[in-house]
Amino acid sequence: MSKFILQPSAVTGNPAKYTADTNLVHADEFLNDVIDVAPPIHVSTTFRYPRDPSKLVAAKDLPLEDAEDHVYSRLSSPGTARLEALLSSHLNGYALVYSSGLAAFHAALVHLNPRQLSGSLFYHGCHGVADIHSRLTGMKQIPLDCPVEDLQPGDVVHLETPLNPLGTAFDIKYYADRAHNRGAILIVDSTFAPPPLQDPFEFGADIVMHSASKYIGGHSDMLGGVLVTRDLKTRWKLWEDRLYLGGVMGNLEAWLGTRSARTLGLRVLRQSENATKLAGWLSEELAKEGVVKDVVEVVKHASLQKEEWVGKQMKGGFGPVFAIEMKSELLAKTLPSHLELFAHATSLGGVESLIEWRAMSDAHCSTKLLRVSVGIENWEDLKKDFLQAFEKLAKRETVVLNGTD
Ligand SMILES: Cc1ncc(COP(=O)(O)O)c(C=O)c1O
């Protein structure tokens with residue numbers, strides 16, 4: 001076993017010595033080889049072989065995975081190893097980091113090479129990756145809720161929950177059971193709700209993926225992706241594939257990721273609480289006459305779903321993204337310009353709140369839809385900001401746009 005791999009307690013079955021928040025600060029300490037308290041930034045792509053000639057072993061006699069030390073940063077590096085140790089502890093499996101969320105999804109599909117991919121509802125970028133695989137391998141794409149008999153052994157079911165851009169949840173256990181009864185494999189894209197919000201392994205996921213560009217990075221300043229598996233053999237195969245696909249995370253991003261992951265639990269809980277309060281407030285306002293009802297059609301968020309499994313699955317809290325459908329396209333285009341605290345931008349997961357007229361980046365989305373990524377600000381301030389913007393919209397003090405309301 002490589003000395004760089006953390007054995008997650010969820011895999012070994014041994015109880016973790018400390019709780020998740022403590023592990024986010026300390027789980028990578030066994031890899032620290034300097035006296036610095038803060039992890040250093042390692043930028044080297046290449047690492048010295050041993051000076052003692054008797055310790056040199058030819059590649060044909062030593063499988064790459066048995067290497068005693070870092071060799072070349074496409075295989076491993078001090079920074080990515082530390083981040084992988086932290087994430088292995090927090091995400092409850094063997095974590096490997098990639099250059100982006102899409103690179104991680106691509107790596108999962110290359111590894112599994114399914115004849116069919118079931119899962120119509122997921123992030124449009126992942127659809128782009130799936131289309132490339134269909135072009136290269138003939139992989140057939142079938143709906144998430146296809147007749148269960150259509151699933152064949154070795155097929156992949158790809159479930160994104162909560163769903164981008166709505167923030168609504170899907171029942172992981174239901175889709176895990178469906179997949180497993182037919183010999184298929186379940187990938188869960190859990191980007192919108194990392195632990196402590198939900199752990200898809202608890203409900204039967206085989207592989208969990210994250211865009212680390214979102215909550216793991218948490219500061220809108222790094223791109224990254226993660227695949228997590230419970231099975232060590234799969235971890236090694238994915239690692240070997242990554243070595244040749246080349247989609248490894250960069251050294252600087254790994255350092256940013258490690259720095260950010262320390263506060264992942266704190267940030268995500270605050271963001272989840274803020275989003276749940278805002279979605280709840282909006283939904284209450286929609287039930288009565290007033291400025292919110294004048295301009296908003298509907299609010300979507302897992303916290304507003306009534307099914308019993310939602311609370312059980314998201315026992316740590318609901319995701320920090322929700323969606324607002326406005327009464328018209330013009331209102332949707334105009335709301336971001338009236339907000340002071342929400343930047344009008346794509347992406348999500350950072351400490352700062354964002355809002356996006358989603359049709360700007362997603363060709364298949366309603367032109368009345370706004371996606372809100374809630375940050376760590378005080379929720380009452382965010383509510384105040386929404387309220388003043390709705391008041392302006394209700395008075396039709398709109399930014400002059402070409403088009404009619
Ligand atoms: C749910 C989900 N999965 C995957 C991705 C892709 O991640 P990245 O942008 O890091 O490639 C995104 C990006 O928005 C996403 O929202």
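Select the ligand and Lys214: an N or O atom in the Lys214 side chain is 3.1 Å from an oxygen atom of the ligand. Such a pair is a polar contact (N or O atoms within 3.5 Å; within protein, one must be able to donate a hydrogen and the other to accept it, and residues adjacent in sequence count only if both atoms are side-chain atoms). The protein buries 92% of the 390 Å² that the ligand exposes when taken alone; accessible areas come from the Shrake-Rupley method with a 1.4 Å probe, and for residues only the protein chains shown count as cover.

This is a predicted model, in which local features need pLDDT of at least 70 and side-chain atom pairs count only at pLDDT 80 or more, while totals for chains, interfaces and linings use all residues. Residues are numbered from 1 along each chain as its sequence is written, and side-chain values use heavy atoms, with hydrogens and water left out.

Now show the whole shell, where near means a heavy atom within 4 Å. There are 13 residues around the ligand, and Gly101, Leu102, Asp189, Ser211 and Ser213 come nearest. The shell has three nonpolar, seven polar and three charged residues. Here Ala, Val, Leu, Ile, Met, Phe, Trp, Tyr, Cys and Pro count as nonpolar, Asp, Glu, Lys and Arg as charged, and the others, Gly among them, as polar.

Select Cys126 and Cys365 next. With a disulfide defined as a pair of cysteine sulfur atoms within 2.5 Å, the count is zero. Cys126 is in no disulfide, since the nearest cysteine sulfur, that of Cys365, is 16 Å away. Cys126 counts as buried (under 20% relative accessible area; exposed is over 50%, partly exposed in between; 1.4 Å probe, protein chains only) at 1%, and Cys365 is buried at 14%.

Finish at strand 12, residues 369–373. Strands (E, at least two residues) are DSSP runs numbered from the N terminus. Five of the five residues in strand 12 are buried: Leu369, Arg371 and Ser373 on one side, Leu370 and Val372 on the other.

Then display the strands paired with strand 12 (at least two DSSP bridges). Strand 9, residues 321–326, runs antiparallel to strand 12 and is joined by five bridges; Phe322 stands opposite Val372. Strand 11, residues 354–357, is also antiparallel to strand 12, over four bridges, with Glu356 as the bridge partner of Arg371.
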